[in-house]
Amino acid sequence: MALAQPIPGRSQHERPPLWRDAAVLKWLIQISVMVVVIAVLWFLSRVASTNLAAKGFEVNFDWMSGPANFQLGEGIDTVPNTAGRALWAGMVNTLRMAGAGILLATALGIVVGLARLSSNWLANKIGSVFVETLRNIPVLVQIILWFFIISELGALRNADSPLGESGPIPGWLYISQKGISLPRVFYADGFYQFMALLLILAVPIYFVNRSLHAKRDREGGESIAGRVTLGLLLVAALIAWFANGIMSFLEVPLYAIEDAWRAIPQPLMQTVLMLIALGAAFEFVRRFLNSRRTPAGLAKLTDDDYFRMVFAVVLALAASVIVWIVWPGLSSWIINSGGDFWGWFGDKFGADVNDVTRGSRPIDAMRPTIGTGRFSNFGPTGLTMSVNFAAVFLGLVFYTASFVAEIVRGGILAVAKGQTEAAAALGLSRSQALRKVILPQAFRIVMPPLGNQYLNLTKNTSLAIAVGMTDIVQVGQSVFNKNNQFLAVFIIWGAFYLICSLTISVIVNYINGRLAIVER
Amino acid sequence: MSSSLSKLLALLFAFALVGAACGGSSDEATDDSGGDDAAQTDDAATDDSAADDGDTVDLTQGGGVLAAVQARGTLNCGVSGAAVAFSFVEADGSVNGIDADYCRAVAAAVLGDSEAVNFTNLTAAERFAAVQAGEVDVLMRNSTWTQSRDTEVGMDFGPTTYYDGQQLMARAADGFSNSSEVAEIDGAVVCTNAGTTTETNVSELAGELGIAITLQTFEDYNQVVDAFIAGTCDVITTDGSGLVGRKAQQQPEGEEWVIFPAAPFSKEPLGPVYAQNDSQWADVVNWVVYATVIADESGVTSSTVDDALTGDNAEMVRLLGGEGELQTKMGLSADAFYNVISQVGNYDEIFARNLNPVGLERAGSANARWNEGGLIYAPPAR
Amino acid sequence: MTDLSISHDLTEALAETSLAPKQAAHSPQEWAKQNLFSSVSNTIQTLLFGFILVLILQWILGLIFADERDWHAVTTNMRLLFTNNYPASQYGRIWFTFGALLSTAMLTVAAFRYFPTFTVRKILINITGTGAFIALVGALAPISTTPRLVMLAVGAVIMAAAGMAVNNRPDGDEAAVSLTAVLLVVAAAVLATIWFVPFGNDRLINLEAVLEPGTILLETKLWLSLMVGVTVVAYFAGRALAGVLPESPFKQAMVGWWILGPAFLIFLVIRDPAFDYGYVFTVDIPIALVFGLGGGALLYFLARPGNEALARAVGVGILAVCALTFILGATGSVSMLQKIRLTILALGLVALLAPTFSGEPRVRRNFAYAWIGAIAISHWLITAINTPSTLELRADSFLGGFMISITLGYYVMLASFPMGVLMSLARTSKMPLFRVMSTIYIESVRGIPLIVILFFFDNLLNLFLPNGMSVSKIAGVFIGYTLFSAAYMAENIRGGLQSVRSGQFEASDALGLTTLQRTVFIILPQALRVSIPNLVGQAIATFKETSLVSIIGAFDILYIARNVVPGQTAFIGHSIAPMLFVSLVYWIFAYSMSRASRTLETKLGVGAR
């Protein structure tokens, strides 16, 4: 706040007194605000724990392995039927919804966006009405409305029905009031062995690819590197498909790693964690000093720079204290879960848990079926989406598509008209101009806002709760309605969504980085 | 004015201002309570919380809920606001239904005015917390009386006002009849609302019987019925009252819905819930319910209650305050139950008014009089 | 859709936008030829999209006119849907608020000199389109023959008449009508509709919805007519004022009204606190007077050039006293009104800011006036909030139905604005701890869905409050939503901050401004101006997402349509009609907000960098 400006003309040794020194005050303010924030958070958590203790209630995660007491109408199997597995199934449903929604919303959005640019009056108007209607109605309302709409679909009939089996493609795709069922592709027994073998085979292919590129760089001409690599990879995949059984020996080293991991003594893990923290601080200081290095030697460090370095070291020391004294459980948790991970990984190789020889197919598929009992219902083989899923899905897709359409339209219009004219002047045909000049540039413009829409769609999947679709929020709510572990469920929700959002941000940023114009 | 003097004066003035503020208000001893705090710093709409806080204080200071309600002049009653025939908000904003009528009955007994009720709409998730925190004096929100809820800290259950039980509903076209068994739903898509005990009951039952069902959950019951009408669900399940009501109102022409098994596969006794450890208030709520039942047994309705006051049924005379001091000993006025019967009616009237329109009949059900094969029974008033 | 035809049209469209404007068509036939059937691909598109249009329209009309759709569920429950349990006897307050907003909207139109003209030609073309739409609806709706024929005939007549009128206009016809004329015609049409169309009076008689012959309630009719009258009067008053008042203060007053006015309307009119006037005059007003006038004088003095050090000393001193009052309050040894503590805190902070505003007397006077005004408003609000309402309610909250959506959206935007500004400044500042803290906050909040945050604040807020303290459901929602919204606000403002050129920073440094002065006087005004379109977008999104409160059981319009109306004995299971109505209401509001903001943006020229 009241920062004294450095007074020009004075040499450094006549520093202002400490309480008027800008660098000191800046850090004082920052640290005191941070202390206040931490104190408030600490106070709140104390209040919460007191309140919880008064109710005789303990926040824990033990219920994850307890029985779920409810069934899911959607998604992967829940075997064993524990609350943890149910939450996992909810997460898978959320991810399925988000992934499929992003794809379809993008496709629909592009079509509508292009329609709005069309010179055809009707297409243009329909596009505008689509956008203006759908983006001005809350997505929650739309999801609920879609639910009513889906009820108008036809009934599901099995082969015994006098009207014949439902369609539209009997045996492959069913769309009805009971949901949508399509062929299911899934990882089979040999998947991990297959991937391991493929990875090993990819090493020589990588070197071949590199040498081909090098050759092209030396001799010029058309590159065949891409095609050759692709061909070799296909051959490798074919080999790995049939010969993945030879990788079953990996079972032994993986189990050995598990045992070794579990044998790590806790103090060792604590030391390692501490060293990581200190090493990170050291690395930060080293890089920082390097960045201040000029050809003329180390630049003069300001007080602010010293503060930064000191603060980094203090943080590292605090982390060490936490690892050693405040939270020793962290180390044992890392040891245990690391062991669990290697054990789980080892299980995927060699003979399976029941000592039955593993099937060799890495990927398998099954066609949807309709049961022939008293009720016509989908069999377990296909990939089935319930009506709830479809309602949420369509709601999200149409809502997001209305935004995507606007982004696409804006992106294309933002490509300077000069570009179109320049392309025409170069003699490019219309479609060439579109493919090689306009769309690549438009893509660069639309990518950041598009990434934001993808994030929004992923977060909006949480509205599935409005129609009872079993996504992670709905399952979580079922859990805490029964055991009141709201705080634990909330932590899981938060962690899950943060990871999802971060992943999407990382992907979008990566694409942005690749697309960005390289500036000198 | 010299500049240093003026600065000194400014400093003094600043501290005087602060000091005056401290001194000026310390003798007011104004509310420094949390609710006020939250309202001041946080929100425009916390007026209710501030008001509720006041009630909580009353509660701890005064002689329990009864005194607090009498002092306040209105009864805070927790209801659902969206439960057909039990408590639903009418177009003009009033709340109706059997639960709402029992709120009115309690208000009539305690305050002499059946309209002195402040209805609070509560979701299923927040209803019990509201009782425990004292936000509502009594909860009439079709809540099932169970061991775990009854023994939970902070709340007790009153006498059951409606005996319900979970059943299934399917189409006659699928080969079901009223005598069908639960095991016949093997392979069906069964729909119910998410996160309720009905969901747990039916999935546990399916496990016991070894049948495979696909359980499809929906966020609210309207969607369940819509999905059943559309054909998304083969079977739906919830409390019998919900099924019968919907069958009467929503069964399409040319289709027949059947409800089975004849004996419900769960017990759902619904009744009032109130705060624990306040037996005076518990007695009041319990006896309001009993009074409506006794009046029903004696055939006293809101139209005949004046005759009964001077009639020869001694029990009714005592109950209505014609003689004795049964009510005054409870902390109520002598004519408390007279007000209940005259303003709200007896059990049969309440039942008929609210549940008959949706197709629920009393005769032959568990809610018939005890001497007619039902379970509605009250201890004698003497 | 063939890829080729789209790419063809796209390049065509691009070429067209860059070249001379299209020649205007003279007649509908020519127009159709130009816009629908100009080429093979265009014809294919017309047929394809026409088919899609027919399908969608048929299906939507089927949804609206289906036999089992009972629109009485909506008409009977209008009051519930919009205001839930607001007492009918006090409904005048809601009308008053509505009228105030309508008339100030008209004044704003005048203040911003928004007097567009509409060409007759365009109006006629729109009428032709309306006629075509009526005919299309008549053809596709699942209704019986007579109304179908009537609609077809009416649509055809309108279409033919307006189309002929268009044909008869001479080339290059620029005849236009003013906004005044359009407004008057619309007002007359609305009045005629209210008074002469027999809408029918829906009411429940013995649990059955009955459509009484006649029209809307006389009272409602009178109120609606009054609204129309007020709007027209305000429009002309605004035009008169615009000629008299200087432009800039008038605009500022209107913007200020739209920021703070609704808060007053909600508290003073809709909620109506029952002030204990004895207490107000003996305690509340003296406190506000002492703090307002005394503090104003103090600040005026402290802002004098040369008093910087003193201002800091006084600020720190007041803050120390303030901290003391909080500690003493917590230990219970000194009892004091919470608002006094908060005012002391504010006074201390503002005293620290005084050097930033030091300068000539005029600037200092404005600084002092701003303080006095802020004290007056905040003390009035605090007192109003802490006073129970005079309304007699039958349920817990005076807010309900659609009123909740508007109020919540408005207050959330208002409250998250300062937080958003602070956090965006922290995130762009050069102080690493501030940057890290605000980045962590913003990114984690933006990573989590709103509904999860609302669940948290609905279920757990009371857990984090000390014993005896509790907040109502709607207050918890408000707090959670504000914290959520602030993170998005911060990002929107950050975009504006980053668009401020570095020359601005350098120039202000060259002028010798302090960091604070630079931020407050140079950077923020520019950044906020650039952020306006994004902030308006966020306001619309905030308003739409208030619908999520229905999931946690607040009685908003969506909850009432989905759960309450289908729970009424007369309308068991009728949720589609109310849901369609709800989406229409949301659409009207969100769409007109976005249209209004677009007009305003072009008018102001904001948002363009």
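These entries record what I looked up on salt bridges and on one helix pair in a predicted model.

**Conventions.** I number residues from 1 along each chain as its sequence is written, with chains lettered from A and ligands numbered from 1 in the order in which they are written. As the model is predicted, local features need pLDDT of at least 70 and side-chain atom pairs count only at pLDDT 80 or more, while totals for chains, interfaces and linings use all residues; side-chain values use heavy atoms, with hydrogens and water left out.

**Entry 1: salt bridges overall.** I searched the whole structure and found 25 salt bridges over all chains (a side-chain nitrogen of Lys or Arg within 4 Å of a carboxyl oxygen of Asp or Glu).

**Entry 2: chain A.** I looked up A:Glu258 and A:Arg262, whose side chains form a salt bridge with an N to O distance of 3.1 Å. Both belong to helix H7 (residues 251–262) of chain A, where a spacing of four residues puts them about one helical turn apart. Helices (H or I, at least four residues) and strands (E, at least two) are DSSP runs, numbered from the N terminus. A:Glu258 is buried at 14% relative accessible area, whereas A:Arg262 is partly exposed at 36%. Buried means under 20% relative accessible area, exposed over 50%, and partly exposed in between (1.4 Å probe, protein chains only).

**Entry 3: chain C.** I noted a salt bridge between C:Glu491 and C:Arg427 at 2.8 Å, N to O. C:Glu491 sits in helix H19 (residues 473–499) and C:Arg427 in helix H16 (residues 402–428), so the pair ties together parts 64 residues apart in sequence. C:Glu491 is buried at 15%, and C:Arg427 is buried at 14%.

**Entry 4: chain B.** I found one network in which salt bridges with shared partners join B:Asp296, B:Asp348, B:Arg362, B:Arg369 and B:Glu372. Within it, the closest N and O atoms of B:Glu372 and B:Arg369 are 3.0 Å apart. B:Glu372 is exposed, with 52% relative accessibility.

**Entry 5: H16(C) and H21(C).** I then examined H16(C) against helix H21 (residues 515–545) of chain C; their axes come within 11 Å and cross at roughly 150°. Axes are lines fitted to C-alpha atoms, for helices over the stretch in contact, and angles run from 0 to 180 degrees between N-to-C directions. The two helices are therefore roughly antiparallel (over 145 degrees). I recorded contacts (heavy atoms within 4.5 Å) by residues including C:Phe402, C:Gly409 and C:Leu425 in H16(C) and C:Thr519, C:Leu528 and C:Phe543 in H21(C).

Methods
Parallel < 35°, antiparallel > 145°, perpendicular 65-115°, else oblique.
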